[in-house]
Amino acid sequence: MGLSLSLLSKLGIPGVSSMYTDQIYDRFFKGKNIKEFQEFHTAFIDLCKSFNDVMPGKHFGAPTIEKVEDFYERWKKITDEKERREQLITFVKDEVKEYKTDDNAVIMAGLIVPAAAVMVKNTAQNVPPVKQFKLHLVPNFVFVPTITMLALAGVQLVQASKKSHS
């Protein structure tokens, strides 16, 4: 389910790529009377949002509005439905990029944080400013997974922040 279209076609699964691309076109573009760029752009953003919702762990970024608008100007001149479908699928494959995460940072956080959480909890009993939080009352089976999940979320937020600035 989480495999991208290109990976499925590289694995040589016959018909899978065309099956998904036909569904993409049919769901977001076929039967809609798209006459203006705003209508096309809305359908295209819905397509990218759907990719992000369906693909677990993978997220896809839409191309710039200028690229979409340029493509739309060429696409609206095509009258043949089959050619429109092919042009749209080619555009999606070329311009919609997968955001890659730094798997090493996630793995390192997942390995280091649980041990660090236990050490922090045990040493917090001896540090007066932290002692007031009474961490010793929280069981390890609740504390460690909670801190680990927060740390993994933090890693993801830092990575997302870096992507938005680049």
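Modeller: Let us start there, keeping in mind that this is a predicted model. The largest cavity holds about 40 Å³ of space, and the count of cavities of 30 Å³ or more comes to 1.

Colleague: Which residues line the largest cavity, and how do they divide into nonpolar, polar and charged?

Modeller: A lining is read by listing the residues that have an atom within 4 Å of a point of the cavity. Here the largest cavity is lined by A124, Q125, V130, K131, K134, L135 and H136, and this lining divides into 3 nonpolar, 2 polar and 2 charged residues.

Colleague: Where is K121 found, and does K121 count as buried or exposed?

Modeller: K121 is found in helix α6, which covers residues 103–124. The general idea is that a residue is called buried when its relative accessible area is under 20%; K121 counts as buried because its relative accessibility is 6%.

Colleague: Which residues does K121 touch, if those up to four places away in sequence are not counted?

Modeller: With those neighbours left out, K121 touches L135, H136, V138, P139, N140 and F143.

Colleague: How should I read the chain as a whole, and what pattern does the protein chain follow along the sequence?

Modeller: The protein chain has 8 helices and 2 strands, and read along the sequence these follow the pattern α-α-α-β-α-α-β-α-α-α. Of its 166 residues, 28% count as buried, while the accessible surface comes to about 11200 Å², with 61% of that belonging to carbon and sulfur atoms. Taking the contacts between residues at least 6 apart in sequence, 65% join residues at least 24 apart.

Colleague: Which residues touch the most other members of the largest nonpolar core?

Modeller: A nonpolar core is read as a set of buried nonpolar residues joined through their side-chain atoms. The largest one has 19 residues, among which F29, I34, F40, F44, L47, W75 and L88 touch the most other members. The elements giving two or more residues to this core are α2 (16–28), α3 (37–54), α4 (65–75) and α5 (81–95), and α3 provides the largest share, 6 residues.

Colleague: Taking one of those residues, what does L47 touch beyond four places away in sequence?

Modeller: Counted in that way, L47 touches I24, F28, F29 and V92, and F29 is itself one of the core residues that touch the most other members.

Terms used. Residues numbered from 1 in each chain as written. Predicted model: local features only at pLDDT ≥ 70, side-chain atom pairs only at ≥ 80, totals over all residues. Heavy atoms only, no water. Helix = DSSP H or I, 4+ residues; strand = E, 2+ residues; numbered from the N terminus. Buried < 20%, exposed > 50% of the residue type's maximum accessible area, 1.4 Å probe, protein only. Contact = heavy atoms within 4.5 Å. 1 Å grid on protein atoms, 1.4 Å probe; cavity = no way out; pocket = protein on both sides within 12 Å on 5 of 7 lines; lining within 4 Å. Points joined across faces, edges and corners; volume = space filled by probe spheres on them. Nonpolar A, V, L, I, M, F, W, Y, C, P; charged D, E, K, R; others polar. Areas by Shrake-Rupley, 256 points an atom, 1.4 Å probe, with all protein chains shown as cover. Core = buried A, V, L, I, M, F, W, Y, C linked by side-chain atoms within 4.5 Å.
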